[in-house]
Amino acid sequence: MCLTFALWGLAGLFLLPLSSSSAVPYNNYRKVTAFPPPHTTGLQIHDPSVIKVNNTYYAYGVGPHINISRATSLDGPWTNIGSLLGNKLSVIEKGDRFMPWAPDVIEFNGTFYCYYSVSTAGCRDSAIGVATSHSPEPGAWIDHGVIVQSGTGKGSDVRPFNSSNTIDASVILVGNSAYLTFGSFWTGIWQVRLNKDLISADWKDPASLDAVQLAYEPRPIDPGGTDPNPLCRDETGAHPVEGSFISYRKPWYYLWFSHGKCCEIDPNKLPDDGEEYSIRVGRSTSPRGPFIDRAGIDLVKGGGTVVYGSNGHVYAPGGQGILRDGDVDILYYHYLNRSVGYAFNDARMGYNFLEYDADGWPVAV
């Protein structure tokens, strides 16, 4: 979630999102512009989660009590139809309970699940909660509160919550198992097993929790802050990976994540080219990893093939997800429009269709 270290300048690394024979060395990221323009939607949103129910699209995003928008086409027009939690604060008693972050919405057996985060920018005193409903629309959501948390509270002293940041949740269902993937900065992206109710995790039993680290930026990209609160700084430096999402296209599971600086960007002091947000991916034959990028680098060791980055008027795309629409995979994300502005609320949703090259790597088109 880009709010986490909004004031830090973060470095990014680019690979050409073409065939494997055209991949450039991992550290040679500058001046890569081989990305297509986005399909624009006009939807003002940050960290979108998009689902399709019958012939209607729903987008959930950062906003008071979690914003919900609706459209009959991804291109719009989109209409804000209310908030997921109504006018109620999150029942989680920490962080920004008024404006939960980075929702992820899935449907299973007729029930909709919204996994959301509460935190304070720059701190890892965070929690992931869940709300459920029998409708994707506002009005009937029940907030079940904390699934897992870091920093303070029950279970925050259990690995990996004692070193991670529990925000940017996404959930994937595989057979009879469900996995919660999360993380931002600090020790990167992690995954734990959810209980069969999909609204809890057995953090009291680490063996049942079965935590695995999936991605990490080992290089200290930037200073880790000087806040006197140890939960609001990282003495090892800033490690800008976040916003994870796992998609599947046989035979591969793809772990998508955002890398770099995304929020509160000073238009008079932009990061160097390549240091802003970009969308990256690795893949595995298992939803549990290890995830490897096109260059053969494990994502835990700093790997990540860039599939989409800044181009034309598009700046710092990230907060992404994958929507399977029929047999088509669609990469959606928020981005800043250089001609509009660089403020947090200037973010808009864009999308690109995905194709897969001969080696099975996704390419935005």
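## Largest pocket

The largest pocket has a volume of about 680 Å³. A pocket here is an open set of points on a 1 Å grid over the protein atoms alone, with protein on both sides within 12 Å along at least five of seven lines, and lining residues have an atom within 4 Å of a point. The volume is the space filled by probe spheres set on the points, which are joined across faces, edges and corners. Of the 24 lining residues, Val105, Ile106, Glu107, Phe245 and Ile322 are the closest to the centre of this pocket.

Two or more lining residues come from each of β2 (49-53), β6 (101-108), β10, β14 (241-249), β18 (314-325) and β19 (328-337). Strand β2 gives the largest share, 5 residues. By class the lining has 17 nonpolar, 2 polar and 5 charged residues; Ala, Val, Leu, Ile, Met, Phe, Trp, Tyr, Cys and Pro count as nonpolar, Asp, Glu, Lys and Arg as charged, and the others, Gly among them, as polar.

## Basis of the model

The model is predicted: local features need pLDDT of at least 70, side-chain atom pairs count only at pLDDT 80 or more, and totals for chains, interfaces and linings use all residues. Residues are numbered from 1 along each chain as its sequence is written, and side-chain values use heavy atoms, with hydrogens and water left out.

## A four-stranded sheet

An open sheet is formed by 4 strands in the order β10-β11-β12-β13, with antiparallel pairing. Strands are DSSP runs (E, at least two residues) numbered from the N terminus, and two of them pair if DSSP finds at least two bridges between them. Because β10 (170-174) and β13 (212-215) stand at the edges with a single partner strand each, one side of each is left without a neighbour in the sheet. From one strand to the next, the twist averages 30 degrees; axes are lines fitted to C-alpha atoms, and angles run from 0 to 180 degrees between N-to-C directions.

Strands β11 (residues 177-182) and β12 (residues 189-193) are joined by 4 bridges. Phenylalanine 182 stands opposite tryptophan 190 in β12.

## Loop residues

Phenylalanine 185, in the loop between β11 and β12, has a positive phi near 55 degrees. Its relative accessible area is 2%, so phenylalanine 185 is buried (under 20% relative accessible area, with a 1.4 Å probe and protein chains only). Histidine 65 lies in the loop between β3 (56-61) and β4 (67-71); its phi is also positive, about 65 degrees, and histidine 65 is buried at 8%.

A cis peptide bond with omega of about 5 degrees joins arginine 159 and proline 160. Proline 160 is in the loop between β9 (142-149) and β10. The bond from lysine 250 to proline 251 is cis, with omega near 5 degrees, and proline 251 lies between β14 and β15 (252-259).

Notes:
On a 1 Å grid over the protein atoms alone, a cavity is a set of points where a 1.4 Å probe fits but cannot get out, and a pocket is an open set with protein on both sides within 12 Å along at least five of seven lines; lining residues have an atom within 4 Å of a point. Buried means under 20% relative accessible area, exposed over 50%, partly exposed in between (1.4 Å probe, protein chains only).
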